[in-house]
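Open the model in your viewer and show it as a cartoon. The stops below go from the whole chain to single residues.

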Amino acid sequence: SQLDPVVGWLVCIKGEHFGESFTISSGMNSLGRSENNRIVVKRDSAISREKHAMITYEPKHQQFYVKPGDSSGLTYVNDEYITETRHLVAKDILEFGNSKFMLIPLCGEDFTWESFMNEK
């Protein structure tokens with residue numbers, strides 16, 4: 001299997017998953033209740049099953065983004081409703097359904113996995 005190291009986490013600060021963390025991998029991460037999503041948020045029934053939102057880590061420039069998914073569910077960043085892709089920074093608050101999550105990045109300008117991958 002291909003190495004898919006963690007690049008950051010969504011930490012639930014309000015809702016059914018309070019105190020839990022959800023791993024963000026490089027590339028596009030769909031968020032929803034179903035197991036088909038990379039980020040599975042099972043217990044908030046107000047979050048759509050499939051692709052409520054997409055959390056993206058873009059490794060070339062080490063940036064995080066969020067965009068609303070294909071569902072009717074709404075996506076908020078720092079209490080602002082978003083309709084298109086939004087750049088994220090550390091500690092941004094993302095809201096889906098009845099839950100709020102804080103973005104905790106691991107990768108960025110001060111850390112990338114690439115420098116360690118050459119050591120294998």
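Helices (H or I, at least four residues) and strands (E, at least two) are taken here as DSSP runs, numbered from the N terminus. By that count the protein chain of this predicted model has 1 helix and 11 strands. Follow the chain from the N terminus and the elements read β-β-β-β-β-β-β-β-β-β-β-α. The radius of gyration is 14 Å, close to the 14 Å that the globule rule gives for 120 residues, so the chain is as compact as a globular protein of that length. The C-alpha trace spans about 45 × 30 × 25 Å along its principal axes.

Stop 1: Show valine 77 and look across to glutamate 80, its bridge partner in E8.

**Stop 2: threonine 75.** Stay in strand E7 and select threonine 75. Is this residue buried or exposed? Threonine 75 has a relative accessible area of 0%, which means that it is buried, the cut-off being under 20%. Beyond its neighbours within four places in sequence, threonine 75 is in contact with residues including His52, Val66, Pro68, Tyr81 and Phe96.

**Stop 3: strands E3, E4 and E5.** Move to strand E3 (residues 27-32), which pairs with E5 in the antiparallel sense over 5 bridges. Here methionine 28 stands opposite threonine 56 in E5. E3 also pairs with strand E4 (residues 39-40), in the parallel sense and over 2 bridges. Select glycine 32 to find its bridge partner in E4, valine 40.

**Stop 4: the largest nonpolar core.** In soluble globular proteins, nonpolar side chains tend to be buried together. Select Leu10, Ile24, Ile39, Ile55, Val66, Leu94 and Phe96: of the 22 residues in the largest nonpolar core, they touch the most other members. Two or more residues of this core come from each of strand E1 (6-14), E2, strand E5 (53-58), strand E6 (63-68), strand E10 (93-96) and strand E11 (99-105). Now centre on leucine 10: leaving aside neighbours within four places in sequence, its contacts include Phe22, Ile24, Leu31, Ile39, Ile55, Leu94 and Phe101.

**Last stop: the surface.** Show the accessible surface of the protein chain, which comes to about 7,000 Å², with 49% belonging to carbon and sulfur atoms. Of the 120 residues, 38% count as buried.

How values were computed:
Residues are numbered from 1 along each chain as its sequence is written. This is a predicted model: local features need pLDDT of at least 70, side-chain atom pairs count only at pLDDT 80 or more; totals for chains, interfaces and linings use all residues. Side-chain values use heavy atoms; hydrogens and water are left out. Two strands pair if DSSP finds at least two bridges between them. A nonpolar core is a set of buried Ala, Val, Leu, Ile, Met, Phe, Trp, Tyr and Cys residues joined through side-chain atoms within 4.5 Å. Buried means under 20% relative accessible area, exposed over 50%, partly exposed in between (1.4 Å probe, protein chains only). Contact means heavy atoms within 4.5 Å. The radius of gyration is taken over C-alpha atoms; the globule rule is 2.2 Å times the number of residues to the power 0.38. Accessible areas come from the Shrake-Rupley method with a 1.4 Å probe; for residues, only the protein chains shown count as cover.
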